[in-house]
Amino acid sequence: MDAPARPAGWRCLLLVALVGSARSEGARSCEEVGKLFQGRLAGAAQGLPGSPRAGPDLQVCTSEKPTCCTRKMEERYQTAARQDMQQALQTSSSTLKFLISRNAAAFQETLETLIRQAENYTSILFCNTYRNMALEAAASVQEFFTDVGLYLFGADVNPEEFVNRFFDSLFPLVYDHLINPGVADSSLEYSECIRMARRDLSPFGNIPQRIMGQMGRSLLPSRTFLQALNLGIEVINTTDHLHFSKECSRAVLRMQYCPHCQGLTLSKPCMGYCLNVMRGCLAHMAELNPHWHAYIRSLEELSDAMHGKYDIEHILLNFHLLVNDAVMQAHLDGPKLLDQVNKICGRPSRTPTQSPRCSFDESKEKYGMKISARNEEETLANRRKEFINSLRLHRTFYGALADQLCVNDLAAADGLPCWNGEDIVKSYSQRVVGNGIKDQSGNPEMKVKGTDPVINQIIDKLKHVIQLLQGRSPKPDKWELQMGSGGGLAEQVSGDCDDEDGCGASGSGEVKRTLKVADWMPDEMNLSDVKQIHQTDSGSTLDTTGSGCTAATESMTFTLMGAVMLLPKLW
């Protein structure tokens, strides 16, 4: 029975002897330590010990055994430990940071595309249906959609004001070309009088008010969503470059580089030891976890609520239909408005003129493009949903960061000999603490004191944006909306979506989700096949369908200043 066991026993003893011999060899020579020091830290070869010696001047990597480190080497290791820590943080957060920054840029680009397409639809409406006033309306259309973009991307503009400004400028054109057509007034003062009278006369019915409500309900959540993504990037950038305490730097040095001083260049820290060091260093950062979790949950709630009357894609792409309804309303009420304008502004002296029209390229007419439906998977709402589903995987990022660093890279695998801060051992015997500041009181590897003012500032910002996100999330029953940058329109909104809110078919028919995220409609389209029927008060119908020509006018360009694109801070 004993004979078969002897070879196995001798092999175990031989293995132990070989390991001990290799370790003794490492301790008798500092050659490997010097090579690593010069190669990894670009340290000078001069002054490096050739063999272990006493190190009474070492501050952190102290040991009763001879050492391969000098005081200058320890200082360089200290710097390397801080750099390694910061690099590890940036590597761990890179996927999350890329996810948010890529989607923030994609959402902004998609919104810009939506605005351009909505502007094109509105311009083509005038060119195809109201040709006589098309060129005169072009500047107002462009200004309106520029203001939409400025507001979405954080500028201090008021939606109520730019909606009113658009319809104020539209009324003199409608009056001259539809209500009292055929001649053009040469007096700027008379046109200004008509413009100023618009809000009193309400020639467009309740459509301007409906558009104000729709714009506020759809633009404000999208604006807040973009600003919140920008804050998420700021949070990650800040935590990627945190300055660690002296206690943390010393603990990381002891864990990562002090083994080198004993010739143990290939050793890794024990898992429990690594967790104690990392959880101590990242204790303040772990305090972000509940707020980060709430931040992602609030983004998800707002994203889920941005549909129907809150869907910016629906509102923008159907804006031109409401403009058409508004013009037709004024046209139908023309006789009454004519009398009212004459009473307010008087009868002008007018001279016959030829109104400028859109220019058309007959050769392109046969290539006119039609608005086409697209796959539901390509909607902005589905793009947001995909983003939120990916972001949800990172809800516990800051709470699990210390563990992730140790498990993925720093610590030795279970069952292997490991460094415990003093020597190579089979396993770590000290108590392993939890995450967060409160759990660090019993940390055997380092002391964690006080709070971090930078982390506290980030927490305050997260709390603030969470309140904004929750305030912009429509509730099922009602949502009190404050529009604009300084008050303005306030209204109670029903949770149900009806025709008056623009969610169902308007009198002109509606365009349903025609935007592609990666592609958009050309600037030149033909709306002649979109039949636009309006019912009059008497029950008859009026067909205002365009004549089928294709506008070849230059499409409006939507340009925003670079500073606006940076999404200004909320605070």
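Trainee: In this predicted model, are Phe171 and Tyr175 buried or exposed?

Mentor: Phe171 is buried in the predicted model, and Tyr175 is buried as well.

Trainee: How many residues apart are Phe171 and Tyr175 in helix H5?

Mentor: The general idea is that an α-helix has 3.6 residues a turn, so residues three or four places apart point the same way. Here, Phe171 and Tyr175 are four residues apart in helix H5 (residues 159-179), which means that about one helical turn separates them.

Trainee: What kind of pair do the rings of Phe171 and Tyr175 form?

Mentor: Planes over 60 degrees apart count as edge-to-face. The planes of Phe171 and Tyr175 stand at 70 degrees, with the ring centres 6.4 Å apart, so this pair is edge-to-face. The rings of Phe144 and Phe145 are also edge-to-face, because their planes lie at 85 degrees, and their centres are 5.1 Å apart; both of these residues, Phe144 and Phe145, are buried.

Trainee: Which residues do ring pairs link into a cluster?

Mentor: The cluster linked by ring pairs consists of Phe144, Phe145, Phe162, Phe166, Phe167, Phe171, Tyr175, Phe204 and Phe319, and the count of aromatic pairs in the model comes to 20. As for a charged group and a ring, Arg223 lies over the face of Tyr151, 4.5 Å from the ring centre.

Trainee: Why can helix H10 be described as largely enclosed by the rest of the structure?

Mentor: Helix H10 (residues 271-281) has eleven residues, of which ten are buried, so the rest of the structure largely encloses this helix. Among the elements that cover the buried residues of H10 are helix H3 (71-129) and helix H17 (401-410).

Trainee: How are H3 and H17 oriented to each other?

Mentor: Angles from 65 to 115 degrees count as roughly perpendicular. The axes of H3 and H17 cross at roughly 100 degrees and come within 11 Å, and the two helices are therefore roughly perpendicular to each other. Ala88, Leu89 and Ser92 of H3 make the contact with Leu401, Gln404 and Leu405 of H17.

Trainee: Which elements have the lowest and the highest mean pLDDT?

Mentor: Where pLDDT is low, the predicted coordinates should not be read in detail. In this chain the lowest mean among the elements, 33, belongs to strand E4 (residues 490-494), and the highest, 95, to helix H14 (residues 319-332). Over residues 360-377 the pLDDT is below 50, although the stretch has 40 contacts in the model beyond near neighbours in sequence. Residues 475-571 likewise stay under 50, with 268 contacts beyond four places in sequence.

Technical notes: Residues are numbered from 1 along each chain as its sequence is written. This is a predicted model: local features need pLDDT of at least 70, side-chain atom pairs count only at pLDDT 80 or more; totals for chains, interfaces and linings use all residues. Side-chain values use heavy atoms; hydrogens and water are left out. Rings of Phe, Tyr and Trp (its six-membered ring) pair if their centres lie within 6.5 Å; planes under 30 degrees apart count as stacked, over 60 as edge-to-face and the rest as tilted. Buried means under 20% relative accessible area, exposed over 50%, partly exposed in between (1.4 Å probe, protein chains only). A charge sits over a ring if NZ of Lys or CZ of Arg is within 6 Å of the ring centre and within 35 degrees of the ring normal. pLDDT is the predictor's confidence in each residue, from 0 to 100. Contact means heavy atoms within 4.5 Å. Axes are lines fitted to C-alpha atoms, for helices over the stretch in contact, and angles run from 0 to 180 degrees between N-to-C directions. Angles under 35 degrees count as roughly parallel, over 145 as roughly antiparallel, 65 to 115 as roughly perpendicular and the rest as oblique.
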